[in-house]
Amino acid sequence: MKEIYLKFMAEHLSVRQWQVENCVALFDEGDTIPFISRYRKEKTGGLDDLEVAEVRHWTDVFTDMEKRKAGILETIAAAGKLTDELRDKIENCVSSSELEDLYLPFRPKRRTRATIAKEAGLESLADSMCGMRLQDPLKEAGKYLNDKVATAEDALAGARDIVAERVSEMQQGRECLRQVFRMRRLVTKATRKASEPEAQKYKSYLDYSEPLSRMAPHRLLAILRAEEEGYLNIRIDADPEKSCNQLYSILLKGSPRPSPTLAAQLRMAVEDAYERLLCPSITNEIVKEFKQKADIESIRVFGENLRQLLLAPPVGQKRTLAIDPGYRNGCKIVCLDSQGGLLHHEIIFPHPPKSEKVKSLLAMERMIDEYGIEAIAIGNGTASRETEDFVRKLDLPEECRVYTVSEDGASIYSASEAARSEFPDEDVTVRGAVSIGRRLMDPLAELVKIDPKSLGIGQYQHDVDQGLLKEKLDNTVESCVNMVGVNVNTASPYLLSYVAGIGPSLASSIVEYRAASGAFTSRGQLMKVPRLGAKAFQQCAGFLRIRDAENPLDNSAVHPECYHIVDRMAKDLGVPVSQLVGNRELCSKINADSYVEGEFGLPTVNDIISELAKPGLDPRESAQEFAFDDSIHSLEDLVEGMELPGIVTNITAFGAFVDIGIHENGLIHVSQMGKGKGRVSDPSSVLKLHQHVTVGVLSVDLERKRISLRLIG
């Protein structure tokens with residue numbers, strides 16, 4: 001990796017260059033993001049997984065840029081126009097816009113007005129104009145008449161086309177306009193199509209303007225979606241006269257003052273370049289640039305929501321009854337064992353139109369008793385509140401708790417290949433109910449089977465850069481899975497595939513080996529899995545857990561490469577390793593400095609001691625029971641000033657959506673989140689996904705079915 005790239009990444013991340021350099025070297029060795037951030041802190045100076053992922057991203061960007069540079073250099077060299085100065089500029093740029101500006105004058109072009117003028121033999125006239133060598137352009141133009149050029153005026157027009165194209169390709173001019181356009185307002189104008197009813201969702205943006213530099217990401221994405229759908233046109237309100245003056249000055253820089261008649265011709269060429277070539281091009285560039293920033297922010301919000309969703313508190317290995325609520329088609333019920341295995345399923349009809357309440361109550365009591373149910377999961381979709389009210393009328397066992405679970409994506413999972421392979425003999429309703437129950441038991445293990453874009457979180461996820469979105473979401477899922485750790489003897493292939501160094505193919509091999517040979521009894525046994533070599537073992541071993549293993553370290557985050565350090569610690573304390581693991585008092589007596597050796601520095605030793613004190617501890621909190629206000633069942637029940645309990649269902653840049661127990665979620669705008677109704681800049685700094693909150697009702701719009709809320713606590 002070139003030093004210019006390393007320097008850029010270091011400045012971008014606000015870290016030292018050696019940290020980036022070592023991180024890139026680890027990538028070159030085949031190391032993964034979770035492994036580097038967890039087990040190579042000495043080499044990276046403690047870069048966390050987000051920073052390591054950012055280095056990975058820019059490493060890929062600059063690898064692609066190097067390929068692009070090679071192609072550009074080859075093209076320019078083949079044309080015989082590659083100078084040492086140009087080569088140096090190309091090889092040392094880190095900006096894609098700068099690279100494309102350097103290439104622009106040499107890029108093979110489609111047939112333009114300028115190429116037509118060149119074919120007519122007018123390039124030398126344009127050269128003379130740009131060289132300020134003409135006193136009388138019209139007289140000089142008369143020398144260029146031929147079968148393609150009838151008059152001197154035609155010759156001048158053609159020469160101006162050539163000059164205009166050159167002006168549009170001036171790197172300094174393009175960058176100057178970029179600076180101007182970045183500071184201007186984006187202006188929208190409604191089209192004829194905006195009169196259609198579907199355009200009302202963009203009502204606020206149909207005739208709108210705002211400085212691009214201050215425009216919130218969600219507003220820009222909404223405007224661009226409206227433009228894509230044909231409801232409005234957009235432009236940047238740069239001043240053409242000022243812009244042309246700047247371009248004209250750049251064109252004349254270092255040249256003698258032109259004659260008045262030549263100056264007029266050059267001015268006409270500059271104005272044409274701006275209006276016909278530069279303004280559309282730079283507008284597209286700047287809008288794209290700000291959209292990329294909006295994409296990054298929206299993807300960040302989506303990634304943070306996904307992280308919170310995946311790390312939602314699990315109830316753990318409890319025998320669970322899950323309900324997918326419904327009216328006409330009944331409530332689909334499944335009973336699961338403590339590992340999430342399907343034991344039983346049936347349908348009850350406690351709600352209209354059948355209203356078989358007594359029969360349904362008896363069926364529920366029978367299932368709860370027969371399968372020793374310890375937790376009940378109710379999907380939050382249609383008939384959820386009514387089903388919850390029905391369930392709470394049961395005489396439940398003392399330790400049995402009732403939870404509301406998000407159904408988002410359950411229907412996607414139920415029809416997926418993953419669901420079909422798990423339950424080939426069951427229909428989609430059973431699979432969906434199983435997913436609801438398993439989400440309660442372990443959200444992370446279940447949600448990795450579903451495309452994050454189907455989970456009802458984030459904003460404008462279908463409008464942002466899909467490649468960047470996938471990269472961010474994959475990194476987020478991988479980070480969460482490896483942070484929690486995976487039980488190799490119970491994990492599905494979908495969960496295993498996100499463990500560092502494994503992937504889908506090795507995950508399948510692990511599950512097949514487990515099925516054929518029985519449960520793993522040690523981490524070392526993983527080396528017997530077909531195609532799981534030393535490198536894959538190095539990457540994944542620390543994130544896999546083996547409960548009841550002979551070596552207790554196999555159920556911890558201590559990496560096998562450091563077991564010898566733990567052996568020394570135990571020996572020095574005069575106890576076996578099994579007695580040291582989980583003993584906080586003994587761990588507090590360990591002097592970390594005494595065990596620093598070779599590539600295992602103080603950060604690694606401190607991590608080992610922390611892990612020994614609480615081995616394999618799940619970083620997630622425990623699930624909490626929740627109940628909506630019993631008096632609220634519909635939009636009509638809401639009254640301004642009410643204070644209600646709610647659950648945060650989605651967080652965006654402009655606020656948070658809250659489920660208060662009716663079919664429509666309410667919105668807490670950012671202006672209603674701070675103390676004293678103050679505005680907050682980042683909603684995710686105040687609220688977390690699925691957080692239990694108390695909200696106040698500010699307003700209710702029955703016609704548009706919108707609820708405005710304020711955060712109380």
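Helices here are DSSP runs of H or I with at least four residues, and strands are runs of E with at least two. By that count the protein, a predicted model, holds 29 helices and 15 strands.

**Overall description**

| Property | Value |
|---|---|
| Box filled by the C-alpha atoms, along the principal axes | roughly 105 × 70 × 50 Å |
| Accessible surface of the protein | about 33,800 Å² |
| Distance between the centres of the positive and negative side-chain sets | 4 Å |

Of the accessible surface, 49% belongs to carbon and sulfur atoms. Among the 713 residues of the protein, 49% count as buried. The charged side chains number 91 positive and 108 negative. For contacts in the protein with a separation of 6 or more, 66% come from residues 24 or more positions apart.

**Thr-320**

One residue can be followed in detail. Thr-320 is found in strand S4, which covers residues 320–324. Buried means under 20% relative accessible area, and Thr-320 counts as buried because its relative accessibility is 0%.

The side chain of Thr-320 has a polar atom 2.8 Å from the backbone oxygen of Lys-318. With neighbours within four places in sequence left aside, Thr-320 is in contact with Val-334, Cys-335 and Leu-336, with Ile-373, Ala-375 and Ala-377, and with Gly-437, Leu-440 and Met-441.

Definitions and conventions. Residues numbered from 1 in each chain as written. Predicted model: local features only at pLDDT ≥ 70, side-chain atom pairs only at ≥ 80, totals over all residues. Heavy atoms only, no water. Buried < 20%, exposed > 50% of the residue type's maximum accessible area, 1.4 Å probe, protein only. Contact = heavy atoms within 4.5 Å. Areas by Shrake-Rupley, 256 points an atom, 1.4 Å probe, with all protein chains shown as cover. Lys, Arg positive; Asp, Glu negative; His and termini not counted. Charge placed at Lys NZ, Arg CZ, Asp CG, Glu CD. Polar contact = N/O pair within 3.5 Å; in protein donor to acceptor, adjacent residues only side chain to side chain.
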